[in-house]
Amino acid sequence: MYFRVAQVPADGTYPRHRHRWGEFVYAFSGVMEVEVKGRYYLIPPQYGLWLPPDVEHRGLNRQEACHCSLYVVPELVQKLPQEVCALTVDPLLRALLDELRVRPPYSPQTPEQQRLLQVVLDRLAVAESTG
């Protein structure tokens, strides 16, 4: 797993792309927008967006935003949804993501950081989803 935090300016975009790993996108502030197959998903702070491996997508935001992405290798996505969906971010998951935002793991990750990322993955696996 790999965790990344980014501060993006208003009208920022990520070009259309796909990757072999799954991605969970979460906005700490602002609202991220992700387009998948012509469908636009808005990501306010109470939700995150799960993108299974190999899903073509592009990101954009109309206002400044601080967001993160958790990239998950295909071998670890079995317990996560097989379709693009919004996942509810409960208070525990929010606290874990905040901890990672303040002290992001670096490569190589310590055993403590790996366990924290695993707990985030466990919370995503039980998060309530919406299409």
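Reader: Which relative accessible area counts as exposed, and which as buried?
Author: Exposed means over 50% relative accessible area, and buried means under 20%. Anything in between is partly exposed. One caution before we go on: this is a predicted model.

Reader: OK. Is Lys-37 buried or exposed?
Author: Lys-37 has a relative accessible area of 82%. The cut-off is over 50%, so Lys-37 is exposed.

Reader: Where is Lys-37 found?
Author: In the loop between β4 (32-36) and β5 (39-43).

Reader: What about the phi of Lys-37?
Author: Phi is near 50 degrees there, a positive value, and Lys-37 is not a glycine. Most residues other than glycine have a negative phi.

Reader: What phi does Asp-11 have?
Author: About 65 degrees. That is positive too, although Asp-11 is not a glycine. Asp-11 lies in the loop between β1 (2-8) and β2 (13-17). With a relative accessible area of 61%, Asp-11 is exposed.

Reader: New topic. How many aromatic pairs does the structure hold?
Author: It holds 3. One of them joins Tyr-2 and Tyr-71, with ring centres 6.1 Å apart and planes at 20 degrees.

Reader: Why is that pair called stacked?
Author: Planes under 30 degrees apart count as stacked. The angle here is 20 degrees, so the pair is stacked.

Reader: Are they buried or exposed?
Author: Tyr-71 is buried, at 14% relative accessible area. Tyr-2 is partly exposed, at 40%.

Reader: How is the pair of Tyr-26 and Phe-28 arranged?
Author: Edge-to-face. The centres are 5.1 Å apart, with 90 degrees between the planes. Both Tyr-26 and Phe-28 are buried.

Reader: What sits over the ring of Phe-28?
Author: The charged end of Arg-101, 5.0 Å from the ring centre.

Reader: And which residues do ring pairs link into a cluster?
Author: Tyr-2, Trp-21 and Tyr-71.

Reader: Last one, pockets. How much space lies in the largest pocket?
Author: About 170 Å³.

Reader: Which residues line it?
Author: Lys-37 is back, as one of the lining residues. Others among them are Arg-18, Tyr-41, Pro-52, Asp-54 and Gln-82.

Reader: How many of the lining residues are nonpolar, polar and charged?
Author: The lining has 5 nonpolar, 1 polar and 6 charged residues.

How values were computed: Residues are numbered from 1 along each chain as its sequence is written. This is a predicted model: local features need pLDDT of at least 70, side-chain atom pairs count only at pLDDT 80 or more; totals for chains, interfaces and linings use all residues. Side-chain values use heavy atoms; hydrogens and water are left out. On a 1 Å grid over the protein atoms alone, a cavity is a set of points where a 1.4 Å probe fits but cannot get out, and a pocket is an open set with protein on both sides within 12 Å along at least five of seven lines; lining residues have an atom within 4 Å of a point. Grid points are joined across faces, edges and corners, and a volume is the space filled by probe spheres set on the points. Ala, Val, Leu, Ile, Met, Phe, Trp, Tyr, Cys and Pro count as nonpolar, Asp, Glu, Lys and Arg as charged, and the others, Gly among them, as polar. Helices (H or I, at least four residues) and strands (E, at least two) are DSSP runs, numbered from the N terminus. Buried means under 20% relative accessible area, exposed over 50%, partly exposed in between (1.4 Å probe, protein chains only). Rings of Phe, Tyr and Trp (its six-membered ring) pair if their centres lie within 6.5 Å; planes under 30 degrees apart count as stacked, over 60 as edge-to-face and the rest as tilted. A charge sits over a ring if NZ of Lys or CZ of Arg is within 6 Å of the ring centre and within 35 degrees of the ring normal.
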